[in-house]
Amino acid sequence: MASFPAKGVNPTIDRFIDGFEGPIVYVSAVGTEILTTAKRIPVAGWDMVAILPTAEAFAPIRAMQQRMLLATLLLSVLAAGATRWLLSRQLSPMVDAARRLAALSDAGQTPQPLPIVRQDEIGELIGGFNRLLAALGKREAAVKESEAFKNIILNSMAAEIAVLDRDGVIQAVNQRWRLSS
């Protein structure tokens with residue numbers, strides 16, 4: 001039960017004296033940030049004022065913010081781990097296919113069809129790749145057959161034959177040519 005200081009001493013208190021009702025956060029004369037609220041009681045001619053340091057008033061909110069931050073960080077780490085696990089699980093057939101292709105290209109072997117582990121988008125992609133491998137295998141067989149046919153024709157000729165490109169570089173010769181050289 002105290003009276004307000006004189007008007008003009010503190011602008012925040014002057015607002016309350018002028019009839020403001022509600023909360024205000026300000027720094028007191030002793031340098032502490034405080035939450036103050038006022039309510040007029042017209043029947044008694046009083047102003048009821050409640051004062052509480054903001055550190056105490058907002059402590060539950062700050063504690064909740066810290067818990068929310070911790071929960072957010074924990075859930076973010078869990079989400080990142082789950083995403084990594086899910087992506088590695090979903091893309092493992094693609095990684096296996098890439099490793100097999102790298103091994104085949106390094107070894108110089110004829111590519112064999114890759115196994116289709118699941119019938120999903122990646123399975124369809126690997127199936128398409130297998131169809132491409134089959135088409136390339138047929139083309140390679142046709143080229144070998146054509147090359148063999150060309151060699152049979154060249155070697156059946158009694159004359160010495162050499163096939164040159166536009167620059168005059170020898171591309172192929174028959175057996176008669178090789179025997180005479």
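User: Which residues does I24 touch, not counting residues up to four places away in sequence?

Analyst: This is a predicted model: local features need pLDDT of at least 70, side-chain atom pairs count only at pLDDT 80 or more, and totals for chains, interfaces and linings use all residues. Residues are numbered from 1 along each chain as its sequence is written, and side-chain values use heavy atoms, without hydrogens and water. With contact taken as heavy atoms within 4.5 Å, I24 touches T12, R15, F16, I34, L35 and T36.

User: Which residues form the largest nonpolar core?

Analyst: Its members are buried (under 20% relative accessible area, 1.4 Å probe, protein chains only) and joined through side-chain atoms within 4.5 Å. The six residues are I13, F16, I24, Y26, I34 and A38. At least two residues of this core come from each of α1 (11-17), β1 and β2.

User: Why is one side of β1 and of β3 left without a neighbour in the sheet?

Analyst: The open sheet runs β1-β2-β3 with antiparallel pairing, where a pair needs at least two DSSP bridges. β2 (residues 33-41) and β3 pair over eight bridges, and T36 has I51 of β3 as its bridge partner. β1 (22-27) and β3 (46-53) lack a neighbour on one side because each stands at an edge, with a single partner strand.

User: How far apart are the end C-alpha atoms of α4?

Analyst: Helix α4 (residues 121-156) has 36 residues, which at 1.5 Å a residue should span 52 Å. At its start, a side-chain oxygen of D120 reaches to within 3.3 Å of the backbone nitrogen of I122.

User: Which residues of α4 are buried?

Analyst: I122 lies at the start of α4, where D120 reaches its backbone nitrogen. The buried residues of α4 are I122, G123, I126, G127, N130, L133 and L154.

Definitions and conventions: Helices (H or I, at least four residues) and strands (E, at least two) are DSSP runs, numbered from the N terminus. Buried means under 20% relative accessible area, exposed over 50%, partly exposed in between (1.4 Å probe, protein chains only). The expected span of a helix is 1.5 Å times one less than its number of residues. A polar contact is a pair of N or O atoms within 3.5 Å; within protein, one must be able to donate a hydrogen and the other to accept it, and residues adjacent in sequence count only if both atoms are side-chain atoms.
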